[in-house]
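Subject: Structure handover

Hello,

Here is the structure we discussed handing over.

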Amino acid sequence: QVQLVESGGGLVQAGGSLRLSCEASGNIFRINAMGWYRAAPGKQRELVANITSGRSINTINYADSAKGRFTISRDIAKNTVYLQMNSLKPEDTAVYYCNADVKIATTYSDMNFWGKGTLVTVSS
């Protein structure tokens, strides 16, 4: 009923930049929040950054490892979230997953959805 499609991953040298995007589509009444998570090789999935919408105020959260280097933004009209990643380090290598908390149009229920992920590899 809701699909998230990520793009923008790839191979980059340390110090380089990548811009990830995630488009949500389907039976959406409203997207309450969108964010990015990542799973490094052999590690659990962790939050990178997210944006929550609260009565005309957007709240942005970053993992400590992302602060100062990554920037999350959202285009509400296009149901799209972006992650600009600068000064990439080898330890940023991971599969990056898009996440969205969505109020479903047909049921008015809130549900959480995940994209399939996009691989980011940072070489040293």
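Please keep in mind that the model is predicted.

Disulfide

A search of the whole structure turns up 1 disulfide. The bond runs between Cys 22 and Cys 98, with an S to S distance of 2.0 Å. The torsion about this S-S bond is about -85°, so the disulfide is left-handed. Cys 22 belongs to strand 3 (residues 18–26) and Cys 98 to strand 9 (residues 94–104), so the link ties together parts that lie 76 residues apart in sequence. Are the two cysteines buried or exposed? Cys 22 has a relative accessibility of 0% and counts as buried. Cys 98 is also buried, with a relative accessible area of 0%.

Glu 23 has Thr 80 in strand 8 as its bridge partner.

Lys 103

Strand 9, which holds Cys 98, also contains Lys 103. The relative accessible area of Lys 103 is 13%; the cut-off for buried is under 20%, so Lys 103 counts as buried. What does the side chain of Lys 103 make a polar contact with? The partner is the side chain of Asp 110, at 3.0 Å. Leaving aside residues up to four places away in sequence, Lys 103 touches Asn 27, Ile 28, Phe 29, Arg 30, Asn 32, Tyr 108, Ser 109 and Asp 110.

Aromatic pairs

The count of aromatic pairs comes to 2. One of them is Tyr 37 with Trp 114: the ring centres are 4.9 Å apart and the planes stand at 70°, so the pair is edge-to-face. Tyr 37 lies in strand 4 (residues 28–39) and Trp 114 in strand 10 (residues 110–114), so this pair ties together parts 77 residues apart in sequence. Trp 114 is partly exposed, with a relative accessible area of 38%.

Regards

Methods. Residues are numbered from 1 along each chain as its sequence is written. This is a predicted model: local features need pLDDT of at least 70, side-chain atom pairs count only at pLDDT 80 or more; totals for chains, interfaces and linings use all residues. Side-chain values use heavy atoms; hydrogens and water are left out. A disulfide is a pair of cysteine sulfur atoms within 2.5 Å. Helices (H or I, at least four residues) and strands (E, at least two) are DSSP runs, numbered from the N terminus. Buried means under 20% relative accessible area, exposed over 50%, partly exposed in between (1.4 Å probe, protein chains only). A polar contact is a pair of N or O atoms within 3.5 Å; within protein, one must be able to donate a hydrogen and the other to accept it, and residues adjacent in sequence count only if both atoms are side-chain atoms. Contact means heavy atoms within 4.5 Å. Two strands pair if DSSP finds at least two bridges between them. Rings of Phe, Tyr and Trp (its six-membered ring) pair if their centres lie within 6.5 Å; planes under 30 degrees apart count as stacked, over 60 as edge-to-face and the rest as tilted.
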